[in-house]
Amino acid sequence: VSEAPDFLEPLEAWRVWKVVRRDGVYSLGSVVQRTVWPAGEALVAECLAGGRLSRLLRRRKARHDAPVVDCQCGIYAGGLDVAGRYAADTPFSAVSHVLGQVALWGTVVECERGYRASHAYPARIYVPADAGEQWRIGWDEVALGLCRYGVPVEPVGAPAADATRFLAA
Amino acid sequence: VEIGKPRRIYRIEPLEHPVPERIPEKAPDEPKKVPAK
């Protein structure tokens, strides 16, 4: 007999994504890891601790499901203040940063200022006013491109650096 | 790590799946007209 779940609704928390554009298709990408979030299906966590070489070596040993308490793995999300620290950074190899709320479920490790989850999907996406590339891509094109995730996409009337203050108000 | 140390672990099984039905990435092409014989 399997154990009863603790909750029947997903948790929601904040995170920042970088927006990547390939072949004219906009996708959400993780800021720290090189993970592209699929549209229309849940992102499922795998343990990426230690980098590529470490993972190759570890394949010979038993791998563990992510997340577990005594590792750093899982899909991260936290409070708006935590997400805001990443929003203002210049995105590396990406069109821009966007903020949003993410639904978390499956196995979820609650931490002091956020969560690490096994399953996640964006719940709402907020596009800052300075999203895009100057002269080439406007925030509205980014917003339209992210509609393929099938969740509400809303503009934020502030640049990324001030977006968390705007959303907290 | 920004989110700090672990406190507890939950099992969450949503009754309603959080992933919406996929939206088509582009509108389907108009059906081609078949010439009348």
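Modeller: Here are the questions and answers, and keep in mind that this is a predicted model.

Biologist: Let's start with chain A. In which order do its helices and strands come along the sequence?

Modeller: Chain A has four helices and eight strands.

Biologist: What share of the contacts in chain A, at a separation of 6 or more, comes from residues 24 or more positions apart?

Modeller: Chain A has 169 residues, and 45% of them count as buried. Among its contacts with a separation of 6 or more, the share from residues 24 or more positions apart is 66%.

Biologist: Now A:W37. Is it buried or exposed?

Modeller: A:W37 sits in strand β3 of chain A, residues 36-37. Beyond its neighbours within four places in sequence, it is in contact with residues including A:R15, A:W17, A:I75, A:V102 and A:Y149. The cut-off for the label is under 20% relative accessible area. A:W37 has a value of 1%, so it counts as buried.

Biologist: Which side chain does the side chain of A:W37 make a polar contact with?

Modeller: The contacts of A:W37 include A:L28, A:G29 and A:S30. The polar contact is side chain to side chain, at 3.0 Å, and the partner is A:S30.

Biologist: On to the interface. How much area do chain B and chain A bury between them?

Modeller: On the chain B side, 22 residues are in contact with 38 residues of chain A. B:I3, B:Y10 and B:I12 lose the most area there, together 25% of what that side buries. Carbon and sulfur atoms carry 60% of the total for both chains, which is about 2900 Å².

Biologist: Which residue of chain A forms a salt bridge with B:R8?

Modeller: There are three salt bridges across the interface of chain B and chain A. The chain B side that touches chain A divides into twelve nonpolar, two polar and eight charged residues. For B:R8, the closest N and O atoms of the bridge are 3.6 Å apart, and the partner is A:E110.

Biologist: What stands opposite B:R11 in β1(B)?

Modeller: Strand β1 of chain B (residues 6-12) runs antiparallel to strand β6 of chain A (residues 96-111), and six bridges join them. In that pairing, the residue opposite B:R11 is A:T107.

Biologist: Last one: how many residue pairs are in polar contact between chain B and chain A?

Modeller: This count takes in pairs with both residues at pLDDT 80 or more. Between chain B and chain A, the number is 15.

Conventions: Residues numbered from 1 in each chain as written. Chains lettered and ligands numbered in written order. Predicted model: local features only at pLDDT ≥ 70, side-chain atom pairs only at ≥ 80, totals over all residues. Heavy atoms only, no water. Contact = heavy atoms within 4.5 Å. Buried area = accessible area lost by both parts, 1.4 Å probe. Salt bridge = Lys/Arg side-chain N within 4 Å of Asp/Glu carboxyl O. Polar contact = N/O pair within 3.5 Å; in protein donor to acceptor, adjacent residues only side chain to side chain. Nonpolar A, V, L, I, M, F, W, Y, C, P; charged D, E, K, R; others polar. Pairing = 2+ DSSP bridges. Helix = DSSP H or I, 4+ residues; strand = E, 2+ residues; numbered from the N terminus. Buried < 20%, exposed > 50% of the residue type's maximum accessible area, 1.4 Å probe, protein only.
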